[in-house]
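Dear colleague,

I am handing over the structure below, together with some notes on what turned up when I went through it. Please have it open beside you as you read.

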Amino acid sequence: MAAVLLFIFPCLAAPAGPFPIDDILRSQLATLEANGKLMIRGESITVNHVLSAIYAQSHFRARWISASTVSQLMTEIRRCRQDGLRSEDYHLDALEQMGLESIGEIPSPSYLAQRDLLLTDALVRLAFHLYYGKVDPQTLHPRWRMQPYIGNLEAAALINRKIEAGGIRLFIDSLRPDHPFYRRLRAALTTYRRMADAGGFPEIPDGPLIEKETRDSRVPLIRQRLQRSGDLPAASPDAGDLFDAAMEEATARFQDRHRIALFAPGVEDRYGAVGEETRERMNIPIEHLIDRIRVNLERARWVMRQLPR
């Protein structure tokens, strides 16, 4: 799809003849201001002062003239999944569909105005979600009031400059928290999604404590679980149903990573052995772990700029 759009958008960049895109944009934004919401191709644009200011500052001229700039934004919308965000929140499906509809056609002024508004709204949303977070940390409301500034720069003017300069990729990258913890979370999200695509983790059935030099029919499942999470090297010898020294070391590594309280009252687990608590941690669905990483990425966007690296 990305490759297709690279060929589609050049034909949208410079349609022949004069057309009243400016007037259409002005009218659409007036409707947005009056109603608080504007629907385009099934996508909702909610009123915000940054979007309105971007067009007011540019005298309601179309912003997305360069095919290269459009392509950069579309790439960043797809890539935002690596930050735990959802590409569909930034009009991806509608924009891709509009690109397909334009093949071999001369786009109308109405089409170009709609596409322009969707692209600009997508960039505004993505920029603010990466810089401030998608959810208000005080109210946990997903639609909080946009700040007039990004850093110490006026947001609408900054975004206008980035669009005109064609520097969307570097601009988006600069909005992410520049902190090792945030980068590790992004890497972990990619890793866990790959694990999910490969089938996730096997479920370990209930049973007695499994420790070194014991045999149990669940050991192959535990071995598979530890290999998929990287606690046991994939090249480790397969000892069948024997819980050997390599499995003991891998289990201890898993317990350390998950900070399992082995010495709490009532806990029957042992270090390097698989008991009830360790088994339950192993059985947490990978989808839940992915959701936790996404939540931590959002929390990191709230606070990381105030922390030392």
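Leaving aside its neighbours within four places in sequence, which residues is Arg 63 in contact with? Please bear in mind throughout that this is a predicted model. Once those neighbours within four places are left aside, the contacts of Arg 63 are Ile 54, Tyr 55, Ser 58, Asp 116, Thr 120, Asn 160, Ile 163 and Glu 164. Arg 63 itself sits in the loop that runs between helix H4 (49-57) and helix H5 (67-79), and it counts as buried because its relative accessibility is 11%, which is under the 20% cut-off. Its side chain makes a polar contact with the side chain of Glu 164 at 2.8 Å, and it also reaches the backbone oxygen of Arg 61 at 3.3 Å.

For the overall picture, the chain has 14 helices and 4 strands, and buried residues make up 46% of its 309 residues. Among the contacts with a separation of 6 or more, 68% are between residues 24 or more positions apart. The chain exposes about 15700 Å², of which carbon and sulfur atoms supply 53%.

As for Ile 150, its contacts beyond four places in sequence are Ala 127, Phe 128, Tyr 131, Tyr 132, Ala 155, Leu 158, Phe 171 and Leu 175.

A search of the whole structure finds 3 aromatic pairs. One of them is the stacked pair of Phe 128 and Tyr 132, with 5.7 Å from centre to centre and 25 degrees between the planes. These two residues are separated by about one helical turn, because they are 4 residues apart in helix H7, and Phe 128 is buried, with a relative accessible area of 4%. Another pair, Tyr 192 and Phe 201, is edge-to-face, at 6.5 Å centre to centre and with 85 degrees between the planes; both of its residues are buried. Finally, Arg 225 lies over the face of Phe 201, at 3.6 Å from the ring centre.

Methods: Residues numbered from 1 in each chain as written. Predicted model: local features only at pLDDT ≥ 70, side-chain atom pairs only at ≥ 80, totals over all residues. Heavy atoms only, no water. Buried < 20%, exposed > 50% of the residue type's maximum accessible area, 1.4 Å probe, protein only. Polar contact = N/O pair within 3.5 Å; in protein donor to acceptor, adjacent residues only side chain to side chain. Contact = heavy atoms within 4.5 Å. Areas by Shrake-Rupley, 256 points an atom, 1.4 Å probe, with all protein chains shown as cover. Phe/Tyr/Trp six-rings, centres within 6.5 Å; stacked < 30°, edge-to-face > 60°. Lys NZ or Arg CZ within 6 Å of the ring centre and 35° of its normal.
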